[in-house]
2 protein chains.
Amino acid sequence: MQSDAETLAHARLDLDRFLPYRLSVLTNRVSNAIARHYSERFGLSIPEWRVMAVLGQSASLSAREVAERTAMDKVQVSRAVASLVERRRVQRDGDDDDGRVTRLSLTPRGRAIYDEIVPLALHLEAVLLAALTPGEREMLSALLEKLSGRISGLRAIEV
Amino acid sequence: MQSDAETLAHARLDLDRFLPYRLSVLTNRVSNAIARHYSERFGLSIPEWRVMAVLGQSASLSAREVAERTAMDKVQVSRAVASLVERRRVQRDGDDDDGRVTRLSLTPRGRAIYDEIVPLALHLEAVLLAALTPGEREMLSALLEKLSGRISGLRAIEV
DNA sequence: TCAAGATAGTTTCAGATGAAACTATCGTGT
DNA sequence: ACACGATAGTTTCATCTGAAACTATCTTGA
């Protein structure tokens, strides 16, 4: 029970209604559910899957380009790539023009896995989105877009 | 560039339009921005802050009850509480009836910090939500609720 | 009453992660 | 030509995290 003094002293904070908390809980549940699938079926972590996802779309990216497109940092990318290379899912080639750059692409084996995962990923998303009507999905997408724009517009949240 | 064969072979997956990815990126940005504040000002991690948040509302919870209300597991709670106890922000008392249970509550010092954080947390949320109209906020809340219901209804996402 | 299983909470150990340091290469200005 | 700063990517180290094992206590049922 909340004391009167406390209630009056300041606004209450109910974790269940606090947007950052709700986002975090939902996202973790979704990520864990998906990670379980990727891991069980393909031995992939989510960072690894993300790298494969962008390489599946546009071959021959540098690690930096992968980092940009996956919203991961270069260290994460480096580690995910190292693991993927070791299991022959991704190959690294030197760039012709720039000795610092490595060109990354899916191996045939990586491509085969990619082709298997894409429908699975889309299916998982569809299962989740089955909770919403098409109109709601568009609305959700628009709202997430607005929030993302807002948060990236703030260098840090200023108080 | 995408080859025709590939495009026809299966639906494309664009990470930027993939809901789990978008949720993950948005949530991480929000969490990191907030964690920076909590950490800089109060030396609190997000798990620690969550524990304090629920203890601020209802004192004398067991660790298990804290875990339920924060969507954390008992190991996370145990660690967060250990750290909070060490810095005299939370106190642990034995339960009268059950020797296994510890009753957790904020110390006066913890309460003082809580009282300072709540307005900050609400402000951070408000800054984020400033991107949305009141109607959109309600819509967002409803959509997150639906998705949360959907994901928790699925033991794991079935394929 | 006491063995067996359930529950509360902690600890351990191994793998994941982030920040900073590091190596190697490139580009620029003098 | 070459010193200096910037950039690409990796490695190191210290911390965080999750899963499983562990301790202690409680509950149940023979």
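A residue is taken to be near a molecule or strand if its C-beta atom, placed from the backbone, lies within 6 Å of it. The structure is a predicted model, in which local features need pLDDT of at least 70 and side-chain atom pairs count only at pLDDT 80 or more, while totals for chains, interfaces and linings use all residues. Residues are numbered from 1 along each chain as its sequence is written, and chains are lettered from A and ligands numbered from 1 in the order in which they are written.

Around DNA strand C there are 17 residues, of which Gly99(A), Ala63(B), Arg64(B), Ser78(B) and Arg100(B) come nearest. Two or more residues each are supplied by α5 (74-86) of chain A and by α4 (63-70) and α5 (74-86) of chain B; helices are DSSP runs of H or I with at least four residues, numbered from the N terminus. The greatest contribution to this surface is that of α5(B), with five residues.

The two protein chains also meet through helices. Helix α7 (residues 134-153) of chain A packs against helix α2 (residues 19-42) of chain B at an angle of about 35 degrees, with the axes 10 Å apart; axes are lines fitted to C-alpha atoms over the stretch in contact, and angles run from 0 to 180 degrees between N-to-C directions. On the α7(A) side, the contact (C-beta atoms, placed from the backbone, within 7 Å) involves Leu144(A), Leu147(A), Ser148(A), Ile151(A) and Ser152(A). Their counterparts on α2(B) are Arg22(B), Leu26(B), Arg29(B), Val30(B) and Ala33(B).

Confidence is expressed as pLDDT, from 0 to 100 for each residue. Chain A has a mean of 87, but residues 1-9 of chain A stay under 50. Where pLDDT is low, the predicted coordinates should not be read in detail.

Definitions and conventions: Two residues are in contact if their C-beta atoms, placed from the backbone, lie within 7 Å. pLDDT is the predictor's confidence in each residue, from 0 to 100.
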